[in-house]
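Hello,

Have a look at it first, and then read on for what turned up.

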Amino acid sequence: MKKKNIVIGALICFIISMVTIQYINYRKNIEVTSAIPSEKWSKEKSISKGDVKKNPGIITFEDEIYVVHTTENGIKLVKTNMLGDVIDTKNYEFGNFVADVTFTTDKENLYISWISINNAKRSFNIGFVDKELMINDIKVIEGITESIKVSDEELLVSSGENIKIVDNNLNTLFETEKGIFESVSAAKDKENTYIVYYSDSDSSFKTIILKDNKKIMEKEIVNVYRGFGLIFKNPVININDEELVMTYEEITKGEYRSTKGISYSLNNSKSQIGIVQIQGQPVRGIVRGDSAGTFFGYIERYVDKRFLEQDIVEFRIKDGEIVDYNYVSNSREIGFYSANYKEYVVFCEYIEKNSYEIKLSSSEEVFKESINFISKEEKNEAWSILLEGIVFSFAYIFMMGIIWILFALVIIGVISFISYNLSEKMRKITYIGALVIVGLFQLYMMKNMMYGKYAGLMPDYLSISVGLVITLIIYFISGIFSYLIFKCDLESIPLIPFGIVLVMETFLVLSVFVPYII
């Protein structure tokens, strides 16, 4: 067989192998980039962008979805159809910081409310939203530090010394006596409204229970001592049939410490406290879900063992622990702020400094059918990951493959030195021997370096036994071509066919594994 034909055959085999490996890598990438977050929640649809600083708000009204999110110095309203297609948007610049944006309704009208902060002075604002997204008839209450949506028709407003439940026209439905109310949260079930706050004097969380907006009792939920420098941040409550469930974050000296969950039995008044985490990772930025006992927050997780993501997750807590959860997002971007209304969730993903993308997801089947397909963006992302893997596979030739390449150069160098004194038969035998030695050394290095350091990152189908078999097959085929090229010209320096083929073989081998460790 002519040397030229062997070389051409080797190149064809290399190209076919390379294409096959990269096709498999691409298919694995597209599986990840196009995967739905969970069986319950759809893929997300981008509806806006902005410099978001707080949780958004969402509501459905007259067969349309309304979303509001903060901007640098104001808010932005977005109206979509029930499939998340944007119909209209409008920006409002107030010239000051805005928080606690949310929607309410009296079934006939849509209202929007927010807290504005100007020179450390806070005020509560509420106005009527018309079809053109104009905010009309804005009413203001000065000195309000926070507001919480209790139901579609009721809001809690707090000054820190006083708590009120008001309707959309700011009529007071309930008001506490003057006191000190910290870490306030509220929720409502079919019968009662529950207001939870922390009492520093009693070192405990307490709940005020209202029926028809009249106080029927006040109970202590649980004693929680707050040491020096400890802050309870982002308290959120929700109610299921049997429990009042509360979550809050513990902050020490400005640093996040943990997220705690409290389950308070409405039947026997017993409480249980646990850590709010999923697979060992804490859930943060929690908001109340619109369904009984549900919450939404963000969490870090690994997808396909190689992509560290910060995704939005829906979860339920019972007896102080998470008992059920569904991911809402699946993106390589960083998910943060979220809000839920019935079958819809809006959340924000960090793109770059001062820029977030606002996305919408749904558990409605018609919404899923409109978005749960492989998009052009997902294909492009899969290609981007593939190209990154190819570049790093080449780079790892000089980081990992160089070890067995240098070893091979030593072995083949010795053979080259003594081959001139050997017969043709012995040259062939020593060349084959060198191939075997180098192949065994490569398998040894793959076992101890690739799997010794990165075994936990490998996908399930690339177990150590499968990985070594793949390495052996690629090396064996490459070795055959290397030997055939050498055999055609026994007078040539063995280092040339051996070295060239080994570098190509190393690139193929690393192309199988490196995409999963970068």
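**Aromatic rings**

One aromatic cluster is made up of Tyr 298, Phe 336, Tyr 337, Tyr 350 and Tyr 356. Please keep in mind that this is a predicted model.

Across the whole structure, a search finds 28 aromatic pairs. One of them joins Tyr 26 and Trp 383, with 4.7 Å from centre to centre and 35° between the planes, which makes the pair tilted. Tyr 26 sits in helix α1 and Trp 383 in helix α3, so this pair ties together parts that lie 357 residues apart in sequence. Are these two residues buried or exposed? Tyr 26 counts as buried, because its relative accessibility is 11% and the cut-off is under 20%. Trp 383, in contrast, is partly exposed, at 45% relative accessible area.

Now try Trp 41 and Phe 296. Their ring centres are 5.9 Å apart and their planes stand at 75°, so the pair is edge-to-face. Distant parts of the chain are linked here too: Trp 41 is in the loop between α1 and β1, while Phe 296 is in strand β25 (residues 294–303), 255 residues away. Trp 41 is buried, with 2% relative accessible area, and Phe 296 is buried as well, at 1%.

**Nonpolar cores**

Which residues have the most contacts inside the largest nonpolar core? They are Met 450, Met 458, Phe 498 and Phe 513, in a core of 37 residues. Helices α1 (3–33), α4 (397–418), α5 (424–454), α6 (464–488) and α7 (495–513) each supply at least two of the core residues. The largest share comes from α5, with 10 residues.

Leaving aside residues up to four places away in sequence, Phe 498 touches Ala 408, Ile 412, Tyr 431, Ala 434, Leu 435, Val 438, Tyr 475 and Ser 482. Apart from this core lies another one, of 32 residues, including Ile 65, Leu 110, Tyr 341 and Phe 367.

Two or more lining residues come from each of β1 (45–50), β30 (355–362) and α3 (376–395), and α3 gives the most, with three. What classes of residue make up the lining? There are 10 charged, five polar and five nonpolar residues.

Enjoy exploring!

Best wishes

Technical notes
Residues are numbered from 1 along each chain as its sequence is written. This is a predicted model: local features need pLDDT of at least 70, side-chain atom pairs count only at pLDDT 80 or more; totals for chains, interfaces and linings use all residues. Side-chain values use heavy atoms; hydrogens and water are left out. A nonpolar core is a set of buried Ala, Val, Leu, Ile, Met, Phe, Trp, Tyr and Cys residues joined through side-chain atoms within 4.5 Å. Buried means under 20% relative accessible area, exposed over 50%, partly exposed in between (1.4 Å probe, protein chains only). Helices (H or I, at least four residues) and strands (E, at least two) are DSSP runs, numbered from the N terminus. Contact means heavy atoms within 4.5 Å. Ala, Val, Leu, Ile, Met, Phe, Trp, Tyr, Cys and Pro count as nonpolar, Asp, Glu, Lys and Arg as charged, and the others, Gly among them, as polar. Rings of Phe, Tyr and Trp (its six-membered ring) pair if their centres lie within 6.5 Å; planes under 30 degrees apart count as stacked, over 60 as edge-to-face and the rest as tilted.
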